[in-house]
Amino acid sequence: MLTTLNGIVLRERSVGESDKFLDVLTDAEGLIEVFAKGVKKQNSKNAPVTQLYCYSKFCLNESGGRYTLNSAEPIRTFFELSQDIEKFSLAAYFSEMILYVATEERPNNEVLRLILNCLHFLCLGNRDIMLLKATFELRLMSEIGLVPNLIGCCQCLKYTASRMQFDLRGGRLFCEDCVGNRSLEEMEPLDAYLLHCLRFIALTDMKQLFGLKARKEYLGTLCRITERFCTIQLGRRFPTLEFYKSIRTER
Ligand SMILES: [Zn+2]
């Protein structure tokens with residue numbers, strides 16, 4: 001059966017001399033594996049669309065839940081990412097996270113929109129890279145159902161305070177009065193501005209999401225908080241994140 005899906009290639013694996021397996025995040029079927037026959041041959045017309053981060057309209061043969069590439073029209077390639085090691089390694093981290101959390105059973109169009117937007121602004125270069133990283137991390141958690149409760153203090157419901165504690169494991173806030181003598185090891189202190197940024201990223205409409213102009217002096221802290229939140233919530237450290245960080249410190 002022929003089926004048409006829009007999707008982005010998040011991983012490619014060579015099989016033998018001429019074939020590839022692709023992990024593709026699609027609009028309607030979530031994350032799928034696609035067998036691409038003959039695409040490593042020199043004259044293959046489908047070779048370009050099997051490159052990493054190529055977003056295409058795929059025409060696939062589907063049989064018993066297995067997909068084989070028939071043809072595809074590229075929509076957006078993002079090939080320019082490969083010219084910048086920092087951007088490329090951040091894109092690799094985004095991919096690794098999605099490959100870890102996405103499933104075929106739970107198609108999630110918002111996750112696809114999120115990575116397409118992040119890669120778009122990464123290529124465009126008009127958004128701070130750290131802000132894109134923080135946005136991707138926290139928003140991904142929100143989209144897969146791990147949205148933290150940032151409405152107010154989880155005990156007294158206080159909405160604003162000059163200082164709150166963000167409980168990264170519990171995904172909730174404590175005001176200074178209610179935090180009591182809880183361990184602060186897995187908490188991050190937030191001032192009103194940081195809390196505003198986190199609320200914005202987690203909760204605003206996707207259309208407005210990339211309009212956030214976070215103040216430069218806050219970006220490092222924001223980035224650390226979203227990264228710790230992901231690491232604790234997913235219980236996993238990503239090798240691509242370590243690589244991205246090693247590149248950054250070398251600059
Ligand atoms: Zn409170």
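A disulfide is counted here when a pair of cysteine sulfur atoms lies within 2.5 Å, and by this rule the count comes to zero disulfides. The model is a predicted one, and the points below are grouped by topic.

**Cysteines**

- A disulfide is a covalent bond between the sulfur atoms of two cysteines.
- For cysteine 123, the closest cysteine sulfur is that of cysteine 118, and because the two sulfurs are 11 Å apart, they are too far from each other for a bond.
- Cysteine 123 is buried, because its relative accessible area is 15%, and buried means under 20%.
- For cysteine 197, the closest cysteine sulfur belongs to cysteine 223, and the distance of 12 Å is likewise too far for a bond.
- Cysteine 197 also counts as buried, with a relative accessible area of 1%.

**Packing of helices H3 and H6**

- Two packed helices are described by the angle between their axes and the distance between the axes.
- Helix H3, which covers residues 129-143, packs against helix H6, which covers residues 219-234, at an angle of about 30°, and their axes are 9 Å apart.
- Angles under 35 degrees count as roughly parallel, and H3 and H6 are therefore roughly parallel to each other.
- The crossing of H3 and H6 is left-handed.
- On the H3 side the contact is made by Met130, Leu131, Lys133, Ala134, Glu137, Leu138 and Met141, while the residues that H6 contributes include Leu219, Cys223, Phe229 and Leu234.

**Packing of helices H4 and H6**

- The axes of helix H4, which covers residues 192-203, and of H6 come within 11 Å and cross at roughly 55°.
- H4 and H6 are therefore oblique to each other, and their crossing is right-handed.
- H4 takes part in this contact through Leu194, Cys197, Leu198 and Ile201, and H6 through Thr221, Leu222, Ile225 and Thr226.
- The residues of the contact of H4 with H6 divide into six nonpolar and two polar, with no charged residue among them.

**Residues with positive phi**

- Most residues other than glycine have a negative phi, and most peptide bonds are trans.
- Phenylalanine 78 has a phi near 60°, which is a positive value in a residue other than glycine.
- Phenylalanine 78 is placed in the loop between strand S5 (66-76) and helix H1 (85-101), and with a relative accessible area of 3% this phenylalanine is buried.
- Leucine 157, although not a glycine, has a positive phi of about 65°.
- Leucine 157 is placed in the loop between strand S6 (149-153) and strand S7 (164-167), and at 66% relative accessibility leucine 157 counts as exposed, for which the cut-off is over 50%.

**A residue in helix H1**

- Serine 95 is found in helix H1, and at 2% relative accessibility this serine counts as buried.
- When residues up to four places away in sequence are not counted, serine 95 touches Leu10, Tyr53 and Ile115.

Note on methods:
Residues numbered from 1 in each chain as written. Predicted model: local features only at pLDDT ≥ 70, side-chain atom pairs only at ≥ 80, totals over all residues. Heavy atoms only, no water. Axes fitted to C-alpha atoms, helices over the stretch in contact; angles between N-to-C directions. Helix = DSSP H or I, 4+ residues; strand = E, 2+ residues; numbered from the N terminus. Parallel < 35°, antiparallel > 145°, perpendicular 65-115°, else oblique. Left-handed = near helix turned anticlockwise from the far one by under 90°. Contact = heavy atoms within 4.5 Å. Buried < 20%, exposed > 50% of the residue type's maximum accessible area, 1.4 Å probe, protein only. Nonpolar A, V, L, I, M, F, W, Y, C, P; charged D, E, K, R; others polar.
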